[in-house]
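Dear colleague,

I am passing on the structure we spoke about, and I would be glad if you could look it over before reading my notes. The sequence and coordinates come first, and what I found in them comes after.

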Amino acid sequence: MAKIVNLKNVCPEEITKLERHHYETTTKERILGVALATAGQTSSVAIDTFYDAYYNSYVAYERAKQEFFDKYIASHVEDPHSSWEINFVTGDLTLYD
């Protein structure tokens, strides 16, 4: 069963911040996937450097998600391990049991 809570008017700046982290991380992840799939031996240094940038982005995104959860979601769930997703356009937070 899912529960939907609209946070658009509660924390619009935080939703935008989380969206920015999400898109930065997923974009780097896609680029890294293509680079790894098409890389030759000579490009390993470039891939290693880009992986570091991706990893830092991923860590920042995970921190932002945890902060968002702690500040805006934790009060709406009984289980702290509940899964959730947010629609960046509408601000709808969907909580799953």
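The notes below go from the overall fold to the helices, the core and the strands.

Please keep in mind throughout that this is a predicted model. The chain contains two helices and three strands, and from the N terminus on these elements follow the order β-α-α-β-β. The radius of gyration is 17 Å, well over the 13 Å that the globule rule gives for 97 residues, so the chain is more spread out than a compact globule. In keeping with that description, the C-alpha trace spans about 50 × 25 × 20 Å along its principal axes. Buried residues account for 28% of the 97 residues, and the accessible surface comes to about 6,700 Å², with 54% of it belonging to carbon and sulfur atoms. Among contacts between residues at least 6 apart in sequence, 63% join residues that are at least 24 apart.

Helix 1 covers residues 12–38, and its 27 residues reach 39 Å from the first C-alpha to the last, close to the 39 Å expected at 1.5 Å a residue. Its buried residues are Ile15, Leu18, His21, Thr25, Thr26, Lys28 and Leu32, and they pack against helix 2 (44–73) and strand 2 (83–86). As background to a list spaced in this way, an α-helix has 3.6 residues a turn, so residues three or four places apart point the same way.

Two residues show how the helices meet. His21 lies in helix 1 and counts as buried because its relative accessible area is 17%, where the cut-off is under 20%. Leaving out residues up to four places away in sequence, His21 touches Ala60, Tyr61 and Ala64. Tyr61, for its part, is in helix 2 and is also buried, with a relative accessibility of 12%. With residues up to four places away again set aside, Tyr61 touches Leu18, His21, His22 and Thr25. Tyr61 and Thr26 are 35 residues apart in sequence, while their C-alpha atoms are 9.9 Å apart in space.

Which residues, then, touch the most other members of the largest nonpolar core? They are Leu7, Ile15, Leu18, Phe68, Ile73 and Ile86, out of 16 residues in that core. Helix 1, helix 2 and strand 3 (92–96) each supply at least two residues of this core, and the largest share, six residues, comes from helix 2. Leu18 deserves a look on screen: apart from neighbours within four places in sequence, Leu18 is in contact with Tyr61, Ala64, Lys65, Phe68, Trp84, Ile86 and Phe88.

Turning to the strands, strand 1 (residues 2–6) pairs with strand 3 in the antiparallel sense over five bridges, and one of the positions to check is Asn6, whose bridge partner in strand 3 is Asp92. Strand 2 and strand 3 are likewise antiparallel, pairing over four bridges, and here Trp84 stands opposite Leu95 in strand 3. Strand 2 and strand 3 form a hairpin with five residues between them, and within the turn Gly91 has a positive phi of about 80°.

With best wishes

Notes. Residues are numbered from 1 along each chain as its sequence is written. This is a predicted model: local features need pLDDT of at least 70, side-chain atom pairs count only at pLDDT 80 or more; totals for chains, interfaces and linings use all residues. Side-chain values use heavy atoms; hydrogens and water are left out. The expected span of a helix is 1.5 Å times one less than its number of residues. Buried means under 20% relative accessible area, exposed over 50%, partly exposed in between (1.4 Å probe, protein chains only). Contact means heavy atoms within 4.5 Å. A nonpolar core is a set of buried Ala, Val, Leu, Ile, Met, Phe, Trp, Tyr and Cys residues joined through side-chain atoms within 4.5 Å. Two strands pair if DSSP finds at least two bridges between them. The radius of gyration is taken over C-alpha atoms; the globule rule is 2.2 Å times the number of residues to the power 0.38. Accessible areas come from the Shrake-Rupley method with a 1.4 Å probe; for residues, only the protein chains shown count as cover.
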